[in-house]
Amino acid sequence: MGGLAKGLRVIEAFTAEAPRLSISDAAKVTGYDRATTRRCLLTLYELGYCAYDGKYFTVTPRVLRLGTGCLATMPLPRLVQPWLDQLSDEIGQSTSVSILDHAEIVYVARAAQRRVMSITLMPGSRLPAYCTSMGRVLLATLTEAEVRAALEMSPRDARTPKTVTDLDSLLEEVDKVRKAGFASIDQEVEMGLRSVAVPLLNAHGKVIAALNVGFAATEEDISVAVDRYLPALKRVQNDVRRTIA
(Lines give C-alpha, C1' and ligand atoms only; values in the text may rest on other atoms or scores of the structure.)
Protein backbone atom coordinates (compact mmCIF):
# COMPACT_ATOMS: atom_id res chain seq x y z
CA MET A 1 0.00 0.00 0.00
CA GLY A 2 2.96 2.28 0.53
CA GLY A 3 3.86 2.04 -3.15
CA LEU A 4 0.29 2.88 -4.14
CA ALA A 5 0.32 5.94 -1.89
CA LYS A 6 3.59 7.13 -3.40
CA GLY A 7 2.30 6.63 -6.93
CA LEU A 8 -0.81 8.65 -6.22
CA ARG A 9 1.27 11.42 -4.67
CA VAL A 10 3.41 11.56 -7.82
CA ILE A 11 0.27 11.84 -9.97
CA GLU A 12 -0.90 14.74 -7.79
CA ALA A 13 2.39 16.52 -8.48
CA PHE A 14 1.18 17.29 -12.01
CA THR A 15 -0.90 20.47 -12.09
CA ALA A 16 -2.16 22.99 -14.62
CA GLU A 17 0.83 25.16 -13.71
CA ALA A 18 3.27 22.24 -13.94
CA PRO A 19 2.00 19.80 -16.59
CA ARG A 20 5.53 18.60 -17.51
CA LEU A 21 7.84 17.30 -14.81
CA SER A 22 11.32 15.85 -14.86
CA ILE A 23 12.32 13.29 -12.24
CA SER A 24 14.02 16.06 -10.26
CA ASP A 25 10.93 18.28 -10.52
CA ALA A 26 8.63 15.54 -9.28
CA ALA A 27 11.01 14.60 -6.47
CA LYS A 28 11.05 18.21 -5.29
CA VAL A 29 7.24 18.44 -5.26
CA THR A 30 6.65 15.10 -3.54
CA GLY A 31 9.60 15.14 -1.18
CA TYR A 32 10.64 11.65 -2.28
CA ASP A 33 14.21 10.79 -3.28
CA ARG A 34 15.08 10.57 -6.97
CA ALA A 35 15.18 6.77 -7.04
CA THR A 36 11.69 6.41 -5.56
CA THR A 37 10.29 9.14 -7.81
CA ARG A 38 11.89 7.55 -10.88
CA ARG A 39 10.35 4.15 -10.11
CA CYS A 40 6.92 5.69 -9.65
CA LEU A 41 7.10 7.70 -12.87
CA LEU A 42 8.36 4.79 -14.94
CA THR A 43 5.62 2.56 -13.54
CA LEU A 44 3.01 5.17 -14.47
CA TYR A 45 4.60 5.35 -17.92
CA GLU A 46 4.46 1.57 -18.35
CA LEU A 47 0.78 1.54 -17.30
CA GLY A 48 -0.10 4.32 -19.74
CA TYR A 49 -0.85 7.02 -17.16
CA CYS A 50 2.17 9.11 -18.20
CA ALA A 51 3.97 9.95 -21.43
CA TYR A 52 7.76 10.26 -21.42
CA ASP A 53 10.02 12.02 -23.95
CA GLY A 54 13.29 10.99 -22.35
CA LYS A 55 13.41 13.96 -19.99
CA TYR A 56 9.92 15.11 -19.09
CA PHE A 57 6.84 13.19 -18.00
CA THR A 58 3.27 14.33 -18.70
CA VAL A 59 0.03 12.71 -17.62
CA THR A 60 -2.11 11.13 -20.34
CA PRO A 61 -5.92 11.14 -20.67
CA ARG A 62 -5.90 7.68 -19.09
CA VAL A 63 -5.45 9.33 -15.69
CA LEU A 64 -8.95 10.77 -16.05
CA ARG A 65 -10.28 7.30 -15.32
CA LEU A 66 -9.25 7.85 -11.70
CA GLY A 67 -11.56 10.84 -11.33
CA THR A 68 -14.44 10.50 -13.76
CA GLY A 69 -15.83 7.49 -11.91
CA CYS A 70 -16.07 9.54 -8.73
CA LEU A 71 -17.64 12.54 -10.44
CA ALA A 72 -20.11 10.32 -12.26
CA THR A 73 -21.42 8.86 -9.01
CA MET A 74 -21.68 12.18 -7.17
CA PRO A 75 -25.25 13.51 -7.22
CA LEU A 76 -24.21 17.14 -6.70
CA PRO A 77 -22.91 17.83 -10.24
CA ARG A 78 -26.07 16.44 -11.82
CA LEU A 79 -28.29 18.43 -9.49
CA VAL A 80 -26.58 21.81 -9.89
CA GLN A 81 -25.79 21.71 -13.61
CA PRO A 82 -29.24 22.92 -14.75
CA TRP A 83 -29.00 25.88 -12.37
CA LEU A 84 -25.52 26.69 -13.64
CA ASP A 85 -26.63 26.58 -17.27
CA GLN A 86 -29.60 28.82 -16.57
CA LEU A 87 -27.54 31.26 -14.49
CA SER A 88 -24.80 31.54 -17.11
CA ASP A 89 -27.34 32.19 -19.86
CA GLU A 90 -29.00 34.84 -17.71
CA ILE A 91 -25.90 36.84 -16.72
CA GLY A 92 -23.72 36.05 -19.72
CA GLN A 93 -20.77 34.87 -17.63
CA SER A 94 -19.16 31.55 -16.71
CA THR A 95 -20.32 29.94 -13.48
CA SER A 96 -18.90 27.06 -11.45
CA VAL A 97 -19.49 24.89 -8.41
CA SER A 98 -16.63 23.45 -6.37
CA ILE A 99 -15.92 21.59 -3.15
CA LEU A 100 -13.00 21.90 -0.73
CA ASP A 101 -10.23 19.31 -0.66
CA HIS A 102 -7.77 20.29 2.08
CA ALA A 103 -6.12 23.48 0.75
CA GLU A 104 -7.57 23.29 -2.77
CA ILE A 105 -10.93 23.62 -4.45
CA VAL A 106 -12.07 20.95 -6.89
CA TYR A 107 -14.47 21.94 -9.66
CA VAL A 108 -17.44 19.56 -9.84
CA ALA A 109 -19.65 21.45 -12.33
CA ARG A 110 -19.20 24.34 -14.73
CA ALA A 111 -21.09 26.32 -17.35
CA ALA A 112 -18.66 28.28 -19.53
CA GLN A 113 -19.75 31.37 -21.46
CA ARG A 114 -16.43 32.96 -22.30
CA ARG A 115 -12.82 32.25 -21.48
CA VAL A 116 -11.31 34.73 -19.04
CA MET A 117 -8.50 32.53 -17.66
CA SER A 118 -5.38 31.37 -19.44
CA ILE A 119 -6.09 27.79 -18.33
CA THR A 120 -9.16 25.76 -19.20
CA LEU A 121 -11.32 24.90 -16.20
CA MET A 122 -13.54 21.83 -16.14
CA PRO A 123 -14.90 19.32 -13.62
CA GLY A 124 -11.90 17.88 -11.81
CA SER A 125 -9.78 21.02 -12.19
CA ARG A 126 -8.11 22.29 -9.03
CA LEU A 127 -7.09 25.73 -7.81
CA PRO A 128 -5.68 26.93 -4.47
CA ALA A 129 -8.33 27.84 -1.92
CA TYR A 130 -6.48 30.82 -0.42
CA CYS A 131 -6.74 33.06 -3.49
CA THR A 132 -10.07 32.01 -5.02
CA SER A 133 -13.55 33.28 -4.19
CA MET A 134 -14.98 29.77 -3.84
CA GLY A 135 -11.99 28.74 -1.77
CA ARG A 136 -12.48 31.56 0.72
CA VAL A 137 -16.21 30.83 0.92
CA LEU A 138 -15.48 27.20 1.75
CA LEU A 139 -12.66 28.05 4.16
CA ALA A 140 -15.12 30.34 5.96
CA THR A 141 -17.17 27.27 6.93
CA LEU A 142 -14.24 25.94 9.00
CA THR A 143 -13.12 26.94 12.46
CA GLU A 144 -10.29 29.45 12.73
CA ALA A 145 -7.91 26.67 13.76
CA GLU A 146 -8.94 24.58 10.75
CA VAL A 147 -8.56 27.56 8.41
CA ARG A 148 -5.08 28.28 9.78
CA ALA A 149 -4.06 24.65 9.32
CA ALA A 150 -5.36 24.60 5.74
CA LEU A 151 -3.59 27.85 4.86
CA GLU A 152 -0.34 26.74 6.49
CA MET A 153 -0.27 23.62 4.31
CA SER A 154 -0.73 25.70 1.14
CA PRO A 155 2.34 27.21 -0.60
CA ARG A 156 0.46 30.56 -0.89
CA ASP A 157 2.41 31.80 -3.90
CA ALA A 158 1.91 35.37 -5.13
CA ARG A 159 0.22 34.44 -8.39
CA THR A 160 -0.25 38.12 -9.24
CA PRO A 161 0.81 41.44 -7.65
CA LYS A 162 -2.66 41.53 -6.06
CA THR A 163 -2.53 38.10 -4.40
CA VAL A 164 -2.86 38.13 -0.62
CA THR A 165 -0.33 35.65 0.77
CA ASP A 166 0.26 36.75 4.38
CA LEU A 167 -1.30 34.24 6.76
CA ASP A 168 -2.80 36.76 9.19
CA SER A 169 -4.19 38.86 6.36
CA LEU A 170 -5.81 35.79 4.81
CA LEU A 171 -7.36 34.85 8.15
CA GLU A 172 -8.85 38.34 8.28
CA GLU A 173 -10.18 37.98 4.73
CA VAL A 174 -11.78 34.64 5.53
CA ASP A 175 -13.38 36.13 8.64
CA LYS A 176 -14.83 38.95 6.52
CA VAL A 177 -16.28 36.36 4.13
CA ARG A 178 -17.74 34.44 7.06
CA LYS A 179 -19.55 37.57 8.25
CA ALA A 180 -20.62 38.82 4.81
CA GLY A 181 -21.82 35.49 3.45
CA PHE A 182 -20.00 35.90 0.13
CA ALA A 183 -16.49 36.41 -1.26
CA SER A 184 -15.15 38.58 -4.06
CA ILE A 185 -11.71 38.27 -5.64
CA ASP A 186 -10.06 40.97 -7.72
CA GLN A 187 -7.28 39.54 -9.88
CA GLU A 188 -5.63 37.45 -7.15
CA VAL A 189 -5.72 34.21 -9.16
CA GLU A 190 -4.80 35.75 -12.50
CA MET A 191 -4.57 39.29 -13.80
CA GLY A 192 -7.73 40.29 -15.62
CA LEU A 193 -9.95 37.87 -13.69
CA ARG A 194 -12.50 38.73 -11.02
CA SER A 195 -15.04 36.48 -9.32
CA VAL A 196 -17.83 36.48 -6.75
CA ALA A 197 -18.88 33.38 -4.81
CA VAL A 198 -21.51 32.25 -2.30
CA PRO A 199 -21.84 29.03 -0.31
CA LEU A 200 -24.38 26.41 -1.37
CA LEU A 201 -26.31 24.90 1.52
CA ASN A 202 -28.66 21.95 1.77
CA ALA A 203 -32.08 21.99 3.40
CA HIS A 204 -30.45 21.43 6.82
CA GLY A 205 -28.26 24.52 6.47
CA LYS A 206 -25.04 22.58 5.91
CA VAL A 207 -22.60 24.01 3.36
CA ILE A 208 -22.12 21.42 0.62
CA ALA A 209 -20.23 23.43 -2.02
CA ALA A 210 -19.54 26.91 -3.35
CA LEU A 211 -20.99 28.67 -6.38
CA ASN A 212 -19.22 31.45 -8.27
CA VAL A 213 -19.29 33.65 -11.33
CA GLY A 214 -16.03 34.57 -13.05
CA PHE A 215 -15.70 37.63 -15.26
CA ALA A 216 -13.15 39.95 -16.83
CA ALA A 217 -11.81 42.85 -14.79
CA THR A 218 -12.77 46.35 -15.91
CA GLU A 219 -12.08 49.86 -14.68
CA GLU A 220 -15.23 49.88 -12.55
CA ASP A 221 -14.86 49.09 -8.86
CA ILE A 222 -15.44 45.45 -8.02
CA SER A 223 -18.26 46.48 -5.66
CA VAL A 224 -20.28 47.38 -8.77
CA ALA A 225 -19.84 43.85 -10.09
CA VAL A 226 -20.78 42.40 -6.69
CA ASP A 227 -24.03 44.39 -6.77
CA ARG A 228 -24.66 43.18 -10.31
CA TYR A 229 -24.09 39.44 -9.79
CA LEU A 230 -24.73 38.73 -6.11
CA PRO A 231 -28.57 38.78 -6.30
CA ALA A 232 -28.55 36.11 -9.03
CA LEU A 233 -26.06 33.98 -7.09
CA LYS A 234 -28.19 34.23 -3.95
CA ARG A 235 -31.31 33.25 -5.88
CA VAL A 236 -29.62 30.03 -6.99
CA GLN A 237 -28.37 29.58 -3.42
CA ASN A 238 -31.97 29.73 -2.17
CA ASP A 239 -33.22 27.37 -4.90
CA VAL A 240 -30.56 24.80 -4.05
CA ARG A 241 -31.31 25.00 -0.33
CA ARG A 242 -35.01 24.36 -0.95
CA THR A 243 -34.27 21.39 -3.21
CA ILE A 244 -31.30 19.43 -1.85
CA ALA A 245 -31.92 17.51 1.37
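At what angle do helix α5 and helix α9 pack, and how far apart are their axes? The views below, taken from a predicted model, start there.

**View 1. Helices α5 and α9 pack against each other.** Helix α5 covers residues 75-91 and helix α9 covers residues 222-243; they pack at an angle of about 160°, and their axes are 11 Å apart. Angles over 145 degrees count as roughly antiparallel, so that is the description for α5 and α9. The crossing in which α5 passes α9 is right-handed. On the α5 side, look for Trp83, Leu87, Glu90 and Ile91. Their partners in α9 include Tyr229, Leu233, Arg235 and Asp239.

**View 2. Three strands make an open, antiparallel sheet.** The order across the sheet is β1-β3-β2. Strands β1 (20-21) and β2 (50-52) sit at the edges, each pairing on one side only. Between β2 and β3 (residues 57-59), which run antiparallel, there are three bridges.

**View 3. Helix α3 lies across two of the strands, β2 and β3.** This helix spans residues 34-46 and runs at about 105° to β2.

**View 4. Cysteines without a disulfide.** Searching the whole structure turns up zero disulfides. For Cys40, the nearest cysteine sulfur belongs to Cys50 and is 10 Å away, whereas a disulfide needs the sulfur atoms within 2.5 Å. Is Cys40 buried or exposed? Its relative accessible area is 11%, so Cys40 is buried, as buried means under 20%. Cys131 also counts as buried, because its relative accessibility is 0%.

Key:
Residues numbered from 1 in each chain as written. Predicted model: local features only at pLDDT ≥ 70, side-chain atom pairs only at ≥ 80, totals over all residues. Heavy atoms only, no water. Buried < 20%, exposed > 50% of the residue type's maximum accessible area, 1.4 Å probe, protein only. Pairing = 2+ DSSP bridges. Helix = DSSP H or I, 4+ residues; strand = E, 2+ residues; numbered from the N terminus. Contact = heavy atoms within 4.5 Å. Axes fitted to C-alpha atoms, helices over the stretch in contact; angles between N-to-C directions. Parallel < 35°, antiparallel > 145°, perpendicular 65-115°, else oblique. Left-handed = near helix turned anticlockwise from the far one by under 90°.
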